[in-house]
Amino acid sequence: MMLNDKLTTNPIDASELSFDDFKTIVIADYKIAFESRQASLLGRKEVLTGKAKFGIFGDGKELPQIAMAKAFQNGDWRSGYYRDQTFAFATGICTIKEFFAQLYANPNVEADPASAGRQMNCHFATRSLNEDGSWKDLTAMKNSSSDIAPTGGQMARLVGLAYASKLYRQNPELNYLKNFSVEGNEVAFGTIGNASTSEGVFFEAINAAGVLQIPMAMSVWDDAYGISVPAKYQTTKEDISEILKGFQRDEDNAGFEIYKVRGWDYPALCETYQQAIKVCREEHVPVLIHVTEVTQPQGHSTSGSHERYKSKARLEWEKEFDCIRQMRIWMLESAIVTEEELSALEDTAKKMVREAQKEAWNEFLNDIKVEKDQAIALINALAVSNPLLKKLSANLAATPDAQRKEVISAVRKALRLTLSIESEERNALLSWYQEEKTANAERYNSRLFTDGVESHIHVKNEAASYHENSKMIDGRELLNACFDANFRRDPRLVAFGEDLGSIGDVNQGFAGLQAKFGELRVTDTGIREMTIVGQGIGLGLRGLKPIAEIQYLDYLLYAINILSDDLASLSYRTKGGQKSPVIIRTRGHRLEGVWHSGSPIAMILGSLRGLHICVPRNMTQAAGMYNTLFRSDEPALVIECLNGYRLKEMMPDNVGEYTVPLGQAEVIRTGTDITVVSYGSTLRVVEEAAEELLKMGISVEIIDPQTLLPFDQEQVCLASLQKTNKLLVVDEDVPGGASAYILQQIMEQQGGYYYLDAQPQTLTAKAHRPPYGSDGDYFTKPSVDDVVETIYGMLNKHNQQKYPAIY
């Protein structure tokens, strides 16, 4: 057997198996469990000897994960956490060699298909996409959504992964999507540790699954601790299935099927999972499998020892009821295998795991060794009479198992030490470094977005068209027409959120569309922001085009953890292996009151790199952005202007077709004296101020970036600044918030600093949220008066004679 071969488990059907067949399956399962334990033990040693940075392992969970793997079929999905290594081995999602490659952070996607070295070990993912970003046949493979480390975070997307099966089963319009579902028969398997069931997102997801009645199979690995904190501090009654009994379905009420089984009882585990998943798959009923009496033999991670916080009695119990030990005893007592056969199997397994580890380590070092040798040779060629370079080269040569950090650092130092030298040898070293810099950017910094064949950059740019009798309508009606046209065009589109369905959202953008397209496509949800966006992530992972609505921008904070940890990093952490083209639709900016006037853009820009951030100034622009996004495959946040729904706009003839390119800024007013950059609702404030300033002899050029991520890729701001030589950024965020980001983009990225003849300024909201009422808004956020006087003051500093001080 090759070291990177997949060893998968098989289901047990007692009605059809002979004893010999049964014996073969059981022994194979024990082999997987034993090999997984050896991988855990050896992995810990590799961390403690310094070959890897950190380790977290799935020891103690081997048998329940093998039982779960038996019920896992092609097309199914996993959304789990970092204890699921045995399940990954038993399903073929990961090999032991790939497990070690990830432990060493091998940046080669062939070595670590889950993350190309970007995630710590035991963070699993399958590659849903081809190299060009197109979809594979997900029904022909066993799928794992990419793990994230924040505990409980996997629960949000699990709802969407399971909900997709419901849509595929119940919506015949989706039957053509053969590569994503087989009549909705796919189960979404979730796993979580017992302590993480204390997280709010766990309860949100459990409640949502019960309401939606979706094929979600939730396994809780219960080892009675959360690192060092025992269950009595974690869970009421110290028993998650006990407190969830109210979710148990009955004749009159839909709900869950709840199962409880001990983690060391192999036959009971196999029977429980077979029964639970059959109900889940066939009836689309969510199930909870509470696996109790689980052990964690090595403690939480390589950062500590469980002997520090577990009693001697507990440690002795864990040794006795270790699941592998218990399976071994059962196999011997049942005459399935002899002691000699088991000993031979275990010896072979230990050798195989060690060989897989060695091969993974050697492959990790091989490319680096080549680069190291090249660097040493190039530095030596440059170091003919330079003792410092000779020492640098010798130190690098003497560093055993040097990693790229040491190699590249030595080269950079060599280049600094030879700044004054012009020679072919230095040019050769510099050229080599530049090539490696490009290669390392691909290894460590690429694929923030999928950048595939369906990227927004490939969407045809089509302008809005009008005729002489085009009607002026409310902005909300324009949006409604855009959504209507796109839902007719693409059956993959679904929308859901609070108040979205029956009343068509609080601002009527979806008015009447549920009646037209049905409740499966335009759906109300409960108040559950984390799982609203998670629902979108899961649907997007399964080939649909979800619009997840968060009612107000202020409420995005309740989902920011899921958006940041999961969606924003999805493409990056899989190196383009997975994508979820979910659009988060919300509304914000100018209104009144602490909780409905939010513009926390700096928070969004800082935490959501990996999403496109669209900030349309009106609904015409918003619709054009939606048309672009609906035709591409990258996630985005669209923030509609809260005070723009009832403002009049002209209805485009091609309302569902015209597009607004992402990253393309627009000059919405030309001028010669100063450049003002703003977005969203404040643009109307700036436009009104510009009219007054014109009467004062000041010509203002106004630029709307339209999207903040990406920002002004054609450098429209720079071209304007070259003409006006003065810059003001107007923003509703806090001081130093999004305005600082925009300044950094224009001054640093675009080089605008060189064209200034006056200090650039920002005009922002105050540091607090606006108090309620019109006066609160006026004294908190930039007003027309503020804009006029700020611009006039900047001109006053430049020419006091022409622009005398106002105050």
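The model is predicted: local features need pLDDT of at least 70, side-chain atom pairs count only at pLDDT 80 or more, and totals for chains, interfaces and linings use all residues. Residues are numbered from 1 along each chain as its sequence is written, and side-chain values use heavy atoms, with hydrogens and water left out.

I begin with the parallel sheet. Six strands form an open sheet in the order E2-E1-E3-E4-E8-E7, and the pairing is parallel. Helices (H or I, at least four residues) and strands (E, at least two) are DSSP runs, numbered from the N terminus. Two strands count as paired if DSSP finds at least two bridges between them. At the edges stand strand E2 (143-144) and strand E7 (257-262), each of which pairs on one side only. Within the sheet, strand E4 (residues 216-221) and strand E8 (residues 287-292) run parallel and are joined by five bridges. Met-218 stands opposite Leu-288 in E8.

Helices pack on this sheet. Helix H2 (residues 62-70) touches strand E3 (188-193), E4 and E8, and its direction makes about 170 degrees with that of E4. Contact here means heavy atoms within 4.5 Å. Axes are lines fitted to C-alpha atoms, for helices over the stretch in contact, and angles run from 0 to 180 degrees between N-to-C directions. Helix H5 (residues 154-170) lies across strand E1 (77-79), E3 and E4, running at about 165 degrees to E3.

Glu-293 lies in the loop between E8 and helix H9 (312-320). Its phi is near 55 degrees, a positive value in a residue other than glycine. Most residues other than glycine have a negative phi, and most peptide bonds are trans.

Next come two packed helices. The axes of helix H10 (residues 323-333) and helix H11 (residues 339-382) come within 10 Å and cross at roughly 145 degrees. H10 contributes Arg-328, Met-331 and Leu-332 to the contact, while H11 contributes Glu-339, Leu-342, Ser-343 and Glu-346. By class, this contact of H10 with H11 has three nonpolar, one polar and three charged residues. In these classes, Ala, Val, Leu, Ile, Met, Phe, Trp, Tyr, Cys and Pro count as nonpolar, Asp, Glu, Lys and Arg as charged, and the others, Gly among them, as polar.

H11 also takes part in the largest pocket, whose lining receives two or more residues from each of helix H4 (96-103), H11, helix H13 (404-417) and helix H14 (424-445). On a 1 Å grid over the protein atoms alone, a pocket is an open set of points with protein on both sides within 12 Å along at least five of seven lines, a cavity is a set where a 1.4 Å probe fits but cannot get out, and lining residues have an atom within 4 Å of a point. The largest pocket has a volume of about 530 Å³. A volume is the space filled by probe spheres set on the points, and grid points are joined across faces, edges and corners. The lining has 22 residues, and Lys-53, Tyr-104, Ala-105, Phe-364 and Gln-403 are the closest to the pocket centre. This lining divides into eleven nonpolar, seven polar and four charged residues.

As for cavities, there are four of 30 Å³ or more.

Seven strands form an open sheet in the order E11-E10-E12-E13-E15-E14-E20, with mixed pairing. Strand E11 (522-524) and strand E20 (707-709) are at the edges with a single partner strand each, so one side of each is left without a neighbour in the sheet. Strand E13 (residues 583-588) and strand E15 (residues 636-641) pair in the parallel sense over six bridges. In E15, Ile-639 is the bridge partner of Thr-586.

The peptide bond from Leu-709 to Pro-710 is cis, with omega near 0 degrees.
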